[in-house]
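Reader: I should like to learn how to read a structural model step by step. May we begin with a single residue and then widen the view?

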Amino acid sequence: MEKPATLPTPISVLYVAADTERDRLLANHLAAAGYGVDRVSDEGAIVEGIKSLRYQLVVLDLDYAHAWGLDLLRHVKEHPYGVQIIALSEKLTIFDAVQAMKAGAAEYLPKPCALDDLLGALAGCQVARPPGEVPAGGSAQAAETRCGLIFNPELFKALSHLIAKAGAA
C-alpha cells in the first residue's frame, strides 16, 4: 500500500520589496497559500534574515533593491546559506534576466507577476523537504505547467554566451 503524501511543512519565505499595497497583498496571498512569509525592506535586515538560516526562499524585488540586489544575489550564491532567490523586475530585457540568473537567482519573473506564476516559481524551487511531502502550492510538475513566464536557466546560459559574443565583436 502506497504511503500517502504528508501535508507540507510551511516553507519560510523572506519577501524583499518596498512597502506598497501591491507588495503587502502579494505577501498576504503567499501566506494564505501556506508559506511562512516575512516582509522586509531594510538591507541590513535582509542580510541578517538570510544569515539566520530561517528562510528557504527569498522573493527579491530587484527594482526596489536596484543599488544592491545583484550584489545580494552574488553573496548568497557564494555562501552556503541554503536559500534560493526568486528575482522580480519590471526590466523585461533578456540582458537583465541573464544578469540576475548569472548572479544567482533561481528564477526571474516579470513584475507585476501573477500570483500563480509566483506560486509556481516557489513550488518549483528545490527546497529540502521530508520524504513524501508535497510542496506548498502543488507538485513540482504542476508548477512547471503554471509558470510559462519563468525563464529557463539553460536558455539564459545560451543567451548569455550570445550576448558575450556580441559584446566582444
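Author: We may. This is a predicted model. Let us start with L53, which sits in the loop between α2 and β3.

Reader: What is the phi of L53?

Author: Phi of L53 is near 65°, which is a positive value in a residue other than glycine. L53 is also the residue that follows α2.

Reader: Is L53 buried or exposed?

Author: The cut-off for exposed is over 50% relative accessible area. L53 has 52% relative accessibility and therefore counts as exposed.

Reader: Let us turn to the helices. How does one read the side of a helix that faces the protein?

Author: An α-helix has 3.6 residues a turn, so residues three or four places apart point the same way. For the case here, consider helix α2, residues 43-51, where I46, G49 and I50 are buried. Viewed down the axis of α2, these buried residues fall within an arc of 95°, so they line one face of the helix.

Reader: Against which elements do the buried residues of α2 pack?

Author: They pack against β1, β2, β3 (57-61) and α3.

Reader: Which residues are buried in α3?

Author: In α3, the buried residues are G69, L72, L73 and V76. Around the axis they cover an arc of only 100°, which puts them on the same side of α3. Their packing partners are α2, β3, β4 (84-89) and α4.

Reader: How can the length of a helix be checked?

Author: One compares an expected span with the distance between the end C-alpha atoms. Helix α1 has twelve residues (residues 21-32), and at 1.5 Å a residue it should span 16 Å; the end C-alpha atoms are 16 Å apart, which agrees.

Reader: Which residues of α1 are buried, and which are exposed?

Author: D23, L26, A27 and L30 are buried in α1. They cover an arc of only 100° around the axis, which puts them on the same side of α1. E21, N28 and A32 are exposed on the other side of α1. The buried residues of α1 pack against β1 (12-16), β2 (36-40) and α5 (115-124).

Reader: Where is I11 placed, relative to β1?

Author: I11 is in the segment before β1. At 5% relative accessibility, I11 counts as buried. I11 and A31 are 20 residues apart along the chain, and their C-alpha atoms are separated by 9.8 Å.

Reader: Which peptide bond is cis?

Author: The bond from K111 to P112 is cis, with omega near 0°. P112 lies in the loop between β5 (107-110) and α5.

Reader: How does one look for empty space in a model?

Author: Rolling a probe the size of a water molecule over the atoms shows where empty space is left. In this model, the largest pocket has a volume of about 220 Å³. It is lined by 17 residues, and L62, H66, L70, K91 and D96 lie nearest its centre. Both α3 (69-78) and α4 (94-103) supply at least two residues each to the lining of the largest pocket.

Reader: How many helices and strands does the chain have, and in what order do they run?

Author: The chain has seven helices and five strands. From the N terminus on, the elements run β-α-β-α-β-α-β-α-β-α-α-α.

Reader: What do the totals for the chain show?

Author: Of the 169 residues, 38% count as buried. Among contacts with a separation of 6 or more, residues 24 or more positions apart account for 68%. The chain exposes about 9200 Å², of which carbon and sulfur atoms supply 58%.

Notes
Residues numbered from 1 in each chain as written. Predicted model: local features only at pLDDT ≥ 70, side-chain atom pairs only at ≥ 80, totals over all residues. Heavy atoms only, no water. Helix = DSSP H or I, 4+ residues; strand = E, 2+ residues; numbered from the N terminus. Expected span 1.5 Å × (residues − 1). Buried < 20%, exposed > 50% of the residue type's maximum accessible area, 1.4 Å probe, protein only. Arc of directions from axis to C-beta. Contact = heavy atoms within 4.5 Å. Areas by Shrake-Rupley, 256 points an atom, 1.4 Å probe, with all protein chains shown as cover. 1 Å grid on protein atoms, 1.4 Å probe; cavity = no way out; pocket = protein on both sides within 12 Å on 5 of 7 lines; lining within 4 Å. Points joined across faces, edges and corners; volume = space filled by probe spheres on them.
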